[in-house]
Amino acid sequence: MSKLVHIIDVESGNLQSLSNAIKRIDPDYTIKFIHNESEFLALDHEITKLIFPGVGNYGHFVRQIYERNLDKHIEKYIKDDRELMGICVGLQAFADGSEESPGEQGLRVLDLQLKKFNVDDPSYVERGTKKAVPHIGWNSIEEITVAGDDISSNKSLFNLNLNNKYYFVHSYAAIIDHESSEKLDKLRGQGWNFAIARYGTEGFLAAINKGNLFATQFHPEKSGIAGLKIIKSFLEGEKFPEVHKSDIQQQPKDVEETISGLTRRIIACLDVRTNDDGDLVVTKGDQYNVRETKSDSESSAVRNLGKPVELATRYYNQGADEVTFLNITSFRNSPLKDLPMLEVLRRAAETIFVPLTVGGGIKDMQDPETGKTVPAVQVADLYFRSGADKVSIGSDAVTIAEQYYANNKRKTGKTSIETISKTFGNQAVVISVDPKRRYVASPEDTTMQTIHITDPERYGPNGEEYCYYQVTSQGGRKTHELGALELCVACEDLGAGEILLNSIDHDGSNKGFNLELLNQIKSQVSIPVIASSGAGNPQHFKQVFEMECGIDAALGAGLFHRGEYTVNEVKHYLQEQGKMDVRLDDDVEL
């Protein structure tokens, strides 16, 4: 069997994790990248396994394929029935086109059009909420249809299993409606096999197969061991491998079926900064103060809770659905010279096969060595290529939102949010919001949207019955005349795909998430919201997921760092006490 794998690289997102996944499956694999037509032609004679991954904007991706003259070679490769695996936009490129980029033509292997998920999904409207788009999180396959092949009940399609969870991150899909159903029936008659998943009431293609062509809408390289087994089946040519008991993650019969189809997502967060000795450490503080508390006569050191890669790997092994690194040193010298953080990402991506997010100082910056401006999209690309799947933008998002409102809500197309989402897709841009409660006597005292406090015990220090959440930047050191809601609404319009909603009032308190703030933001935006700040025990996660507004994920830090609870202990609590759907990797092996 050949130990050579070729990957098409058109500079669209994180391929480091895919390479690491292949090496995790078998370290003897050699990986070669193909960037253009000349490389394809030079390597064509030795290609036996070709992977076609894509991340981000559909139009950007297919334009790169055509501009590099790779389209006709990929089409011939498929026509010759040679082994090819597409991932995410790599699947979408096989369609005729997409609503995301109306003027761009796909490879037209499938007579299908991609459409955006409906935020006004009927099942959500009934509850007075909106469905979050992008579709981000861990979902399951609901149906696998095989045409023209005899597949018994104890076999699978490339190790796809109906009870496993896979990581999806996309806004557009081959959504199954009346028109596409008729086309799918025709395609089945031509020998196509399909795996179908559901997001809300909308079914969509999660995987496709015909002959030696196989593609997934989800990211198997980011789907833990269950995803690695799918890549392994493709590499080893096992189209219909037997289903083993260890391959299936069973859920108790009384566990909920979420309205979205997604599991309850638990994220482990690591605040990383340089300590006084120049070493990168994981730290945690109270209301963003990360130094030890000592007497005035003694110097207080940065609180050191461990090494970033070791802790991140521990949380992955405990079942974390995502891992977030927030570099609170914030690249103060130069983003392109922050080599320790790049190394953290590279090493973490070697052992962690769930999504990785990095944040801190990602913006347009001036390189102190050359004096030239380094665009934010270039900084983001550097971190994607080191292993990150998303970038988190904090202080720069505040500046961008202020300019957005000063410019009468007009977009410039030049901000970090716009340029990164245009290239890598809005699902790659997370906005990290650091607000603090501010009391006002009346809604007329501010232009920000206020919250009416109905409990007298929660009134302000001077009896104020209203409040809003005032945005801060630079790690909480600077306040702005901008509300958290107004910031989130602006960033969503500019192209952000997810909100990491912190709360300075709750940070380090272990008293639970700020439900008041979460409800205000989640009820008025249409992108996913991650609850952060205040988690002290598993009950707090249960409480936040029970909110009617439908929080999309919850983040923990201190309770994991201190060893008070493991991620899986929180998940087992949610499953057993809350009857909630979670992804468990307790006994799964590759």
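This is a predicted model: local features need pLDDT of at least 70, side-chain atom pairs count only at pLDDT 80 or more; totals for chains, interfaces and linings use all residues.
Contact here means that heavy atoms lie within 4.5 Å.

**Entry 1**

I began with an open sheet of 8 strands, whose order is 2-1-3-4-13-12-11-8 and whose pairing is mixed. Strand 2 (30-34) and strand 8 (141-145) form the edges; each has a single partner strand, so one side of each is without a neighbour in the sheet. On average, neighbouring strands of this sheet are turned by 20° against each other, direction ignored.

I then looked inside the sheet, at strand 4 and strand 13 (residues 213-216). These two run parallel and are joined by 4 bridges. Opposite M85 I found F214, in strand 13.

**Entry 1: C88**

Which position does UniProt list for "binding site"? The unreviewed UniProt entry lists C88 under that heading. I located C88 in strand 4, which covers residues 84-88.

Is C88 buried or exposed? The relative accessibility of C88 is 3%. The cut-off for buried is under 20% relative accessible area, so C88 counts as buried.

Next I looked up what C88 touches. Leaving aside residues up to four places away in sequence, the contacts of C88 are G54, V169, T216, Q217, F218 and H219.

With a relative accessible area of 10%, S19 is buried. Apart from residues up to four places away in sequence, S19 touches I7, I31 and F33.

I recorded another open sheet, of 3 strands, with the order 5-6-10 and mixed pairing. Its edges are strand 5 (97-98) and strand 10 (172-173); each has a single partner strand, so one side of each has no neighbour in the sheet. Strand 5 runs parallel to strand 6 (residues 113-116), and 2 bridges join them. For S98, the bridge partner in strand 6 is L114.

**Entry 2: helix 11 and helix 13**

How do helix 11 and helix 13 stand to each other? Helix 11 (residues 376-385) packs with helix 13 (residues 416-424) at an angle of about 50°, and their axes are 8 Å apart. The two helices are therefore oblique to each other. The crossing of helix 11 past helix 13 is right-handed.

I listed the residues that meet. From helix 11 they are A376, V377, A380, D381 and F384, and from helix 13 they are S416, T419, I420, T423 and F424.

**Entry 3: helix 14**

How many residues of helix 14 are buried? In helix 14 (residues 484-494), 8 of the 11 residues are buried, and the helix is thus mostly covered. I noted the buried ones as A484, L485, E486, L487, C488, A490, C491 and L494. After helix 14 comes G495, with a positive phi near 125°.

Technical notes. Residues are numbered from 1 along each chain as its sequence is written. Side-chain values use heavy atoms; hydrogens and water are left out. Two strands pair if DSSP finds at least two bridges between them. UniProt positions are given in the numbering used here, feature names are shortened, and annotations may be inferred rather than shown by experiment. Buried means under 20% relative accessible area, exposed over 50%, partly exposed in between (1.4 Å probe, protein chains only). Axes are lines fitted to C-alpha atoms, for helices over the stretch in contact, and angles run from 0 to 180 degrees between N-to-C directions. Angles under 35 degrees count as roughly parallel, over 145 as roughly antiparallel, 65 to 115 as roughly perpendicular and the rest as oblique. A crossing is left-handed if the near helix is turned anticlockwise from the far one by less than a right angle, and right-handed if clockwise.
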